[in-house]
Structures are given as structure tokens and as C-alpha cells.
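Thank you all for making the time this morning.

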Amino acid sequence: MTTTLAPPGAPARRRVAAARARHALGRFLAALARSAAIFVPVFLVATFVTFALRSLSGLSPARIQLGEDATPEAIHRVEAQWGLDRPFLVQYGHWFGDLLHGNLGASWSSGADISTLIGLGLGVSLSVASLALVVGVAAGFVLGTAAALRHTTWVDRAITGFVTLISVMPAFVVGIVLVEVFAVALHLFPSGGYVPVAQGFTPWLEHITLPALALSFDVVADVARQLRASLVAAYRENYVTGAVVRGLSARRIFFRHVLRNGLGPALATLGLKFPALVGASVVTEWVFGLQGFGRFANDSAQSGDVPAVQGVLVVSILLVVVFNLVVNLVLARVTPAAQRGV
Amino acid sequence: MVRRVLSLPTGRIAVAILTVIALLAVLGPLLAPRDPLATSAHTLAPGSGAHPLGTDYLGRDVLSRLLDGSRVSVLASLEVALTALVVGVVPGILSVYLGRVFEWVTLRVVDTLVALPFLLFAVAVIALLGNGITQAMLVTGVLVSPLFYRVSRAATLTVARSQYVEAALIAGASVGWAVRRHVWGKVLPPIAVALAQTVGVGFVIVSSLTFLGIGVQPPKPTWGGLLASDLGYLSYQPWAPLAPALLIMATVWASNLLADAIRDVSGEAGRALVAHRKVRAGRRGRTEPAPAGGTS
Amino acid sequence: MSIPFASRRTAADPRFPLRPRRTRLTAVSAVLATAAAVSLSACGGESASAGGVRTLKWATSSFPSHWDPVVSGSGAQFRELALVYASLTRTDATGKAVPDLAQSWHYNAKGDQVTFRLRPGLKFSDGTAVDAAAVRDAILRAKTQKDSALFGDLTSIKSVDADGLDVIVHLTQVDYQIPQLLGERVLQVASPKAAANPKKLDQAPVGAGPFIVTQLVPGTKVLLKKNPDYWDAKDIHIDNVELTSAPDASTVVSGLQTGVYNFADIEPSQAAAAKKAGLDVFVQPGFNAENISLNINKAPFTDDKVVDAVRYAINRQEFVDKLTFGYGSATNQPFPKGYVAYDPESADLYPYDPAKSRQLLAQAGYKPGQIKLSLVIPAADPQAEIVQSQLAKVGITVSIKVDKNWATPFFAKDLTFSLYGTTGRDSAVQTLTAHFGTDGPLNLSTPYEPAGFEAAVAKVRQTPLDSPQYPQVLRAATRTGLQSKALIFTYSDPNLFAKSTSISALPKNPGHIDWTGVTIGR
């Protein structure tokens, strides 16, 4: 007599499904907690270093407001006004407390609230950076996949050559070339400036396309290279041979096996690229005349406006940390094996 | 390893370009036909016998300025690479041997450094700590060091867990001896790759900073600075930005090419590759052997 | 053959339903396609008169860092402040003072008291009335506020009385320059209510000018809309203004070309590119003059021989040839040739003579290369590089230092050696006193003043503007002022602007940018 496993009944199935859902939620929360646990100390240390820069710099608002040879009494008076005569740790405590409430202090040069100033610039920079990421991932994905699928043919070599070329062009060189070709010569896009989305989706898109393109080249190159390498490596794995033997179509093999495993390193690269993107925006905003976050950082740094620079650095750290969190979570979904330490 | 790298055509190209650039940095100011700071009345002149690349907006010889500017860029990128190397490799190797606490602390520090956007920090540091490229490059080196940390740590981990090292340690060898004898050889190739890559990164950063006018005071020429001022006179000299841009791009490309070449020839796969190429080259040189005559 | 279980969620396993990769990919590509379709098919108006709204998009290289006119001073940024503020007088095409907020004025017989009658019924944009009390407060604030950049220009004003709409200005001496003086550069009148808090006024200007500020991002951008209560509102045909800090000289022209801006000041090196791009390039008449400022209270300029050595080392023609692209001219006075105050007799005071310069330095006891100077400037400037190379030829080593906060030490007279460029003044006397006077804001060597200067200037003040002796007396004052060891004037750079062809021509008021009568669009 043969015994066969009876298929589970409907109520049993529901219970199993519920258990699975709880399990998945638990895993998600665990991943979230783990990522947070890593990034909290990162944030603390990074903000401390940022704050310590002021003491190292020896700059003070008195220099901006009074001139280089202001009398010691005048300097002391101005510094007291700004609370700079208190002990270092007390100042740090105050600053950090304010930080947690979203208050980044006041600018030494204009007296305006730094959170507001940064907020005004962030809209511009984040629009450009997001579009740059989307374009970079999409284009990098297409190029990397094409190169891997047509591995060792002329397609692969052409794509690799192209990717190498764009990876050595610094963002500002790309930006200048784009302006000269697409804006000035071909009149397809404006050469700079920014229009908020509220004033129209099309103008907004027109204005951020060229700067986003300039920033995206680096991302395209890295994503394409990583994806190609990991796809090529994944294709060599045993399970792919097994799948081919089992008679699965090439498309199925690609989308359901190879890609899943190959995507991991490419996504991880994105996390590393984001800080570079934030940094490169300093130059692209200069070339395209955008009044964004990077431009504000550059201007504040050049005028020695320390609280503004500190605010900028804190916000950029926050951006990078949040972005890495998101990438880690996506990675956890896409390649759970990585989370298990395999 | 150097010979192996040179056996690849990509390796040869990369080393050739980088050597030229390095020579420019060392000898450039001496090779310059004219004083890079000497102004003249012929402004914005096109290329000619006296001025092969023409003159700039103050009548200075462009070629001389390019040659003079190579020193700043090359020195700065070397600073970044070497700082990153020193700051990253030593903790990376030691993190395997000095216990869990040290390992955890260094891993967290590295995570922090990776989160900091280096161009932004470089700009901030230059502005706050003094307008000199050196400080900015030191800071950038520290911020880029995680790459070296991770690379050397990974390489050390694979070696440290191999049996012959364990055997040596059991037999009484000190950690230092084990590191010097076994780990170093295994760790060098990935570090060399990272070094080549970081030189390229350093170049881009230096060009970006000098493009923004930060770090070097006028009228000292730099490649990024030349590019920036060329933009102001595009209608008079449309091809002027090409020279500094191509120099920057060629150097970055050569560094990346060198990194790839080193990666290709290192490790088991690398040795196999080089041997394979040698055999293929040898076979091509000889004529086809005569077919074996007759069968018996 | 067994399949290793390394693969993930194969379709064959019903316990782990597949989440298809494809849907995520298609979702992303769908979003991109929609975005592309929308952007290509939708019509987007870039023209400045879209929907009938006439917008001036002005990119300026002198974006004000202070919007309090008393702190901002008489420099070039007054043109941007003039969008928000009005003053007692303005100038016409000949440079003469004509009514603005004041509808008329008259002097007493002696000439030491002038009464301005204001236009009736005017209000500031916060509702406060524009009356004599408001003007009196503005003048007093300019004289007494601690960080005022203007107090050195108002030395003739003793006190001010307010009587309804009459502003009675009592002078310390006979001075006929006052109507010229109290124009847009010196007396932009802020609302007294807002001016009660000058720090707030600095970032939230309130005036009675042609436009009202709707949003101000410090140092970067300001949005304005037309002020319907402006006394001359009927002649203003612009609805909105977007004033932006120009990013970089080379990107301004492409910004103009592609419609990001429709009006900008440009460098002479960009003129050719702008013309080729089909833009309207024009020179707004003015009295610009660049100078090298010395602080003779600091070494090495305490030694007269060194000062003279620097004077002889300057080759003005090189500046003109290399920096002005045919638009400028050499000058050794605070204004270009042809201005009423220009003194032809002083045209060749210190001709270019590097040999003599080296001789003087040797006589002063300095070996070549011994003097090291730091030239502090606000932004990288080819002018500084030329000065550096010219002084290097006579053995003075100059190192250029770019400091974005240059304005503070310069106006605090802390620098030893710097550059400055003036866009002139409405009152010729103000130009002279600003540069040569004891407390002149542009006199880096305060309190130094050439002998006889006060007297010469007083004489000019006492001469009515329409008197036939006026030009002579004025030039005599210039001659005296040029003895100053604190300033070496080099060349005159014109006010070069580029605008979109959709903007009509601007009134040719020298040194000013007026929007009266200017239209945008067809």
C-alpha cells in the first residue's frame, strides 16, 4: 500500500499563510533594526566630527561681522552672543539637542535659519539626484544586461568601451559638454536654472534633465560594470546548468534565477555611489546655475559660515544613511541569502 | 608582478600613460618652454610655432601652464592614494588578529567614513581649515580609506584561515612573522588594484576642487582651473578646454586600466591567464608542425 | 542528477509563490515611458510672457547681501535695491537730478538749507505713509546707524526737520550737491516701521519702490511683484521679477540663450558670444573706474617712495587691451574721460615707467623681491593677475588671496592692498569724497586725505550746479584729490548688459537701471 501526503485543508492553509506573513514581517523588522543599529553610531560619530570642525577651524562669526582686526572685546562680545564662549561639550550638547529638533542654527553671514535655507535647496538637489539615480539604474541595467547576455561578442566590447569612457569623465566635464551640445547647439533643453514642480511638470523636467544626466554617468558606469560581472559569474553557476538541463527557457533562467542573484552586488554599489552623487552635485550645480544644496554648501564653505557648513554636512550624512537603509532593505528582499551571511 | 602586468597589452598602455604623466609632474615645470606666469600682449592666440597650444586670456603660454599644472594634480592624487593606503591597510590587516573589540570598532568607523560624501567634506575642510589642497587631500584620503580597509581585511581573512598559516602559528611562529611571510603576498595584489583606482578618484577630486577655484590661489595653473577659465573664453577659443579635459580623462582612464590589468593578472586565474597568453604567443610564432607522416 | 538547492524560489515550488521580477521592471519602464510621453507631448511655455504675465528674469553678478540700504551703501547693488526702494530724486539721461518721491525742492537764499516737497498720498508697501517724518528718519539712520556705509557721504547735513510733506534739510555749509546726493545711491527710503528693526529689514526689505518682495532667499534669489501703489506705477509694465545671483560668467550667456534669464550684466569677454547668440548687447552709459587701493597706514606703503614706485609700475593700457575687449578705456581718475569732473590737465600724472619704479624702490632700500604683498580680493579676477605680473616686473612679489568675506575687512580699512571698482555716483562730489575724503568708504587709508582737498571740495559745494564756473571748480577739486597716495586708478570698464530681444530698450540714465516704460514681449 502506498501512502501519499494528503494536501492540507483550507483552514490549515490559512493558518500557514498567517504564520508566514508574521514571519516575513518579523524578518523585515529585524532587518530594519539591524540596519538602524549600525547607522545610529555612524550618525553620532559623523555629527561629532562635523561639530569639532569648528574648533579646529578657529573661525568665528566675529570675523565675518567685524573684520579681521576687530578688538578682542568686540570679538568676545559677538562670540558670547552666539554662545561660543561656553565649554566645547556644552556647545556640542546644545547643538546636538537642537539638531534632534530639526533646528540647525542660524547662519553667521545672513542670520537666516539654516534649516529653511537648506530646505529650499534640497528640493532642487533631490529632484536632480533622484532623476540621476533612476536614469543611472535604468541605463546601467540595460547596458550591463546586454553586455552580459552577449558576453565576449562585439556588443559586449562596445558597451564595455563606452562604459569605460563615461566612467572617466568627471561630472563637470560631462555637464559642460551636455550644455554646449544639447542646450546651446540643439536648443533641446535650457542650460540651467530650476522650476519647481508646482509651476509645471514639463518645465521642471526640462530643467533637471541635463544636470541629472551629468550626475548619472558615474552611476551608469558602475551599475553596468557590476551587473555585467555578477551576471557573467552567475551564469557560470551549477544551478544554471541544471536549469538548462531541466529544459527551462533562456528567458526564465534569466529573470527568475540569474538576475535575482546578480542584482545584489549592483544594488550594493548604489549604496556606495550615493555619497559620491551628493558630493558631485556641488560641481554640477555650479555648472548649471542651480541654487541647490551643493551650491549652498559651496557658498557657505567659501564664506567661512561654519554653522551653515555643519548643517550641510549633517543633512548630507542623514541623506546617505537613509538611502543606505533603503538599499539594505531592498537587498534583504531581493537576496535574503546575503542577510543570512551566505 | 610588474612583468606580468606588462605582458598584457592593457597593462602596457596603462603603465605607459601613467609614466608619461608622472614624468610631466616631475619634469614638467622644467620642460615648459616658457614661464607659465609670464604674460604677453598676444592674448587668446591660436596655436603657432612659438606657442604650440596658443595663449590664454593674459597672453600666457597654454602648453607651459599645462605642464606646470600637472604637478599639483599628480601630487594631490598621490597624497589621496597614499593616505588612504596607510589609514586603511594597517587596521584592515590587524583587525583579523587583534580581537573582536578592535574588529568591531574599526568596522563601525569604516561604516561611518563610507557615509560621508567626500567632495562635500573636502570643500568644507578646505574652507574651514585653510585654503590648501594638502589638507583637503588628507581628509579625502581618510574618507576613501574604507576601500583599502575592506580589501586588505578580506584578503587577510582568506589567508589567515588557510591551513598552512594555522600550522605555522601552532608551530610557534609569531603573528608578525605570519603576516610578513604569507599575508603580505596575498594582500598586495588587491591593494595594488585599490591603489590604482584611488589615484583615479583622487584625480577627479582634485580637478573638481580646482575647477571650483578652491585650494589653489591664482595664478598658479592647475588642470581643473585651466578648464574653468577656458570656459569663460569659449567663443574665442572653442577648442581650448579640450587639452586639460583630455589630460584629466586620460589619467583617470589609465589608472582604471591599470587597476583592471593588475586584477586580471593576480591570483590563480591571473597566473593562468598570463601562462595561456605566453603559450598562444609562442604557438603563433612557430610554423604549424608538419602533419605526422603516415600511420602505421 | 539533483539540482542543488542554491536557487531561490523556483517556479516548481508551490510553497513559495513567485514574485515576478518582470512586474517590477515593467513598472519602472512604464513610469519612465509616461514621463517621456508627457514631456514630449505636453506644451510647456518658457516664454517670459506666458499667459500674459510679464516676468523679468534678471541674473546679476552684484546680488545684494544686505537689503538695508544704509548697510548696503552706494555700490553697484543699489540697482537691485532700487527695485524695492524709491528715493527723493532720481537722474535723467543727462545725469541731472529729477523728482522721484520728492516732487520739487528749493534752496534758501544762502544755500545752506534745502526743502524737499514730497508727493502727496504715497504709502510704503506695509501701509506706512511716505511723509517727511519717514524721510527724516531715513536720513538720520544713514548718519547714525552703527553699521552704516553712508555716514561719510552725509557730512554736509547738520539736521533735518519734518513738516507734513516738507523735508527741511539744514546743512553745515553751503552745499548745492544735496539733490544730486539724495538719490538712489544714498537715500533709498525704507519704511520707518520696518526700519525700527534694521536686522529684520536687512532680509525683508520694505520700501515705496516699483516692486514688492514676495520671497527672499538670502544671497541667492529674490522674487518680486509689481507694486500698484508706486507713484509711477502706470509706467511700469512688468508684473514679476525674478532676481538671481549669476552663477558664473560663462554660464550666463547660455542661460540667456536658453531662456533661463532674459536680462543680465555680462563680462566684456562674453560680449562676442552673446551677440552671436542673437542677444541684445548694449552699454549702459556710466562712470565706472577701477583702482588699486593702498593703505598708507601700513607697511610698506608708509614710505612715499614705495607708493610712487607702485604708481610708476602700472601700465594702464595692458588692462584695457586684455580685459575690456574694445569696450573700455584707460583712466587715471575716478571716472572715464569725458565726464564733467575729469581733469584733462591731470591726464598724465604718473606715466608708465618701470625703470623709474625700480630706482625708487632701490632708493627706499628694498632689494628686488624683498617686498611681499598680499592682494586680497573677493573673487578670482584677471585684473589681479595683471597687477601681480606688473609689480613682479619691478621686483614686488604679490600673492593673490581670494576671500569671499573681503567686503568686511575692506570697508573696515584692515587690508593693506586691494582692488576696487566703482560704478560712479550721481553727485560728482560724492565720487571724490568717497575716494579721497577722510572718511570716504573707498579710501583704504582713512583718515589720510590730500592737503587742500577739503577746501577744494567745499568750493564745489558752494557753486550752484548751473553756474558756468562749476566744471572748472569741480576739476580743480579732482586735481587736488588725485594727489592722494591711497589710490591708483587704472581703467574704465563699461556697464555691459545682454538682454533678450523681447525686452524693450532701457532708459539711458547714466549708471542706473530704470524699468520705467520697459516692456516685455511683443
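Predicted model: local features only at pLDDT ≥ 70, side-chain atom pairs only at ≥ 80, totals over all residues.

In terms of residues, 19 from chain C are in contact with 16 from chain B.

How many salt bridges are there between chain C and chain B? The count is one, and the pair is B:Arg60 with C:Glu385, whose side chains meet at 2.7 Å, taken from N to O.

Turning to polar contacts, the rule finds four residue pairs across the interface of chain C and chain B, with both residues of each pair at pLDDT 80 or more. The elements of chain C that give two or more residues to this side are helix H9 (271-276), helix H11 (316-323), helix H13 (382-393) and strand S16 (396-402). H13(C) supplies the largest share, six residues. Sorted by class, the side of chain C that touches chain B has eight nonpolar, five polar and six charged residues.

**Helices within chains A and B**

Moving to chain A, helix H5 (residues 114-149) and helix H8 (residues 201-235) pack at an angle of about 35°, with their axes 4 Å apart, and their crossing is right-handed. The contact of H5(A) with H8(A) has 26 nonpolar, seven polar and one charged residues.

H8 of chain A also carries A:Arg228, whose partner A:Asp156 sits in helix H6 (residues 154-167) of chain A, so that the pair links parts of the chain 72 residues apart. The side chains of A:Asp156 and A:Arg228 meet in a salt bridge at 2.8 Å, N to O, and over all chains the structure holds 25 salt bridges.

In chain B, helix H3 (residues 62-97) and helix H4 (residues 100-115) pack at an angle of about 145°, with their axes 8 Å apart, and H3(B) passes H4(B) in a left-handed crossing. The residues that meet are B:Pro91, B:Leu94 and B:Ser95 from H3(B), and B:Phe102, B:Glu103 and B:Thr106 from H4(B). By class, that contact has three nonpolar, two polar and one charged residues.

**Backbone details in chain C**

I will finish with the backbone, recalling that most residues other than glycine have a negative phi, and that most peptide bonds are trans. Which peptide bond of chain C is cis with omega near 0°? That is the bond from C:Ala299 to C:Pro300, and C:Pro300 lies in the loop between strand S13 (289-294) and helix H10 (304-313). The bond from C:Thr446 to C:Pro447 is cis as well, with omega near 5°, and C:Pro447 lies in the loop between helix H15 (428-436) and helix H16 (453-462) of chain C.

Finally, C:Phe325 has a positive phi, near 50°, and lies in the loop between H11 and strand S14 (329-330) of chain C.

Conventions. Residues numbered from 1 in each chain as written. Chains lettered and ligands numbered in written order. Heavy atoms only, no water. Contact = heavy atoms within 4.5 Å. Salt bridge = Lys/Arg side-chain N within 4 Å of Asp/Glu carboxyl O. Polar contact = N/O pair within 3.5 Å; in protein donor to acceptor, adjacent residues only side chain to side chain. Nonpolar A, V, L, I, M, F, W, Y, C, P; charged D, E, K, R; others polar. Axes fitted to C-alpha atoms, helices over the stretch in contact; angles between N-to-C directions. Left-handed = near helix turned anticlockwise from the far one by under 90°.
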